[in-house]
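Here is a short note for a colleague who is new to this model. Please read the points with the structure open.

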Amino acid sequence: MTKTFLSFLLLFVVLVLAQVTIFNHIWLFGLAMPLVFIYFIVSLPVTTPTNRMLTLGFMLGLTVDIFSNTAGLNALSCTILAGLRRPILRLYMPREDDMTNPMPSVKSIGAAAYTKYVLTMTVIYSIIYFVVDSAGIFNIVPTALRIIASSILTFILLMAVAGITSRNQSGKKK
């Protein structure tokens with residue numbers, strides 16, 4: 001329990017620091033911004049209660065908002081994403097009783113299901129984030145391009161982070 005808590009606390013801190021110091025300053029072609037910190041929500045155990053998931057999502061978004069000066073944009077987006085996480089997981093994974101590991105990963109739910117899960121979470125977050133961000137001066141084409149480009153970039157980076165973290169976890173067991 002304590003080891004799991006500490007590993008997720010470390011993941012929270014590392015992802016927030018990476019987002020606010022590196023990824024917030026990357027805008028590929030003026031369209032794509034990587035939103036790597038949502039990996040924290042994506043990687044939490046399936047058994048996490050909904051109220052705790054919503055609280056963690058809000059805290060993650062609020063922390064990024066504080067350092068990014070985005071006035072609640074990430075807090076709103078992360079809270080909604082955290083609330084939608086369980087229904088999205090049910091779309092792609094086997095019954096929770098059949099899982100050997102409660103952590104969503106390529107090993108626990110399969111490569112195809114995990115890829116669809118991460119892609120869905122990424123697209124939903126990007127839609128919420130960029131639609132709310134552009135609400136004052138809504139222009140559909142630039143917003144759609146930002147959603148698509150940021151979703152692709154974020155998805156690629158999240159799959160890379162998942163590969164790195166799963167490799168580290170399997171290396172610790174040996």
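1. Of the 174 residues in the protein, 42% are buried (under 20% relative accessible area; exposed is over 50%, partly exposed in between; 1.4 Å probe, protein chains only). This is a predicted model, in which local features need pLDDT of at least 70, side-chain atom pairs count only at pLDDT 80 or more, and totals for chains, interfaces and linings use all residues. Residues are numbered from 1 along each chain as its sequence is written, and side-chain values use heavy atoms, with hydrogens and water left out.

2. The protein has seven helices and zero strands. Helices (H or I, at least four residues) and strands (E, at least two) are DSSP runs, numbered from the N terminus. Along the sequence the pattern reads α-α-α-α-α-α-α.

3. Contact means heavy atoms within 4.5 Å. Take the contacts between residues at least 6 apart in sequence: 71% of them join residues at least 24 apart.

4. The axes of α3 (residues 50-68) and α4 (residues 73-92) come within 7 Å and cross at roughly 155 degrees. Axes here are lines fitted to C-alpha atoms, for helices over the stretch in contact, with angles from 0 to 180 degrees between N-to-C directions. α3 and α4 are therefore roughly antiparallel to each other (over 145 degrees; under 35 is roughly parallel, 65 to 115 roughly perpendicular, the rest oblique).

5. Which residues in α3 and α4 meet? Among them are M53, L54, F58 and L62 in α3, and L73, C78 and A82 in α4. The residues of this contact divide into ten nonpolar, six polar and three charged. Ala, Val, Leu, Ile, Met, Phe, Trp, Tyr, Cys and Pro count as nonpolar, Asp, Glu, Lys and Arg as charged, and the others, Gly among them, as polar.

6. The structure holds seven aromatic pairs (rings of Phe, Tyr and Trp, its six-membered ring, with centres within 6.5 Å; planes under 30 degrees apart are stacked, over 60 edge-to-face, the rest tilted). F37 and Y125 form an edge-to-face pair, 5.8 Å centre to centre, with 90 degrees between the planes. The pair links distant parts of the chain: F37 sits in the loop between α1 (2-21) and α2 (39-43), Y125 in helix α6 (residues 111-133), 88 residues apart. F37 counts as buried, at 0% relative accessibility. Y125 is also at 0% and counts as buried.

7. Y129 and F130 form an edge-to-face pair, 5.0 Å centre to centre and 85 degrees between the planes. Y129 is buried at 6% relative accessible area, and F130 is buried at 2%. Ring pairs link W27, F37, Y125, Y129 and F130 into a cluster.
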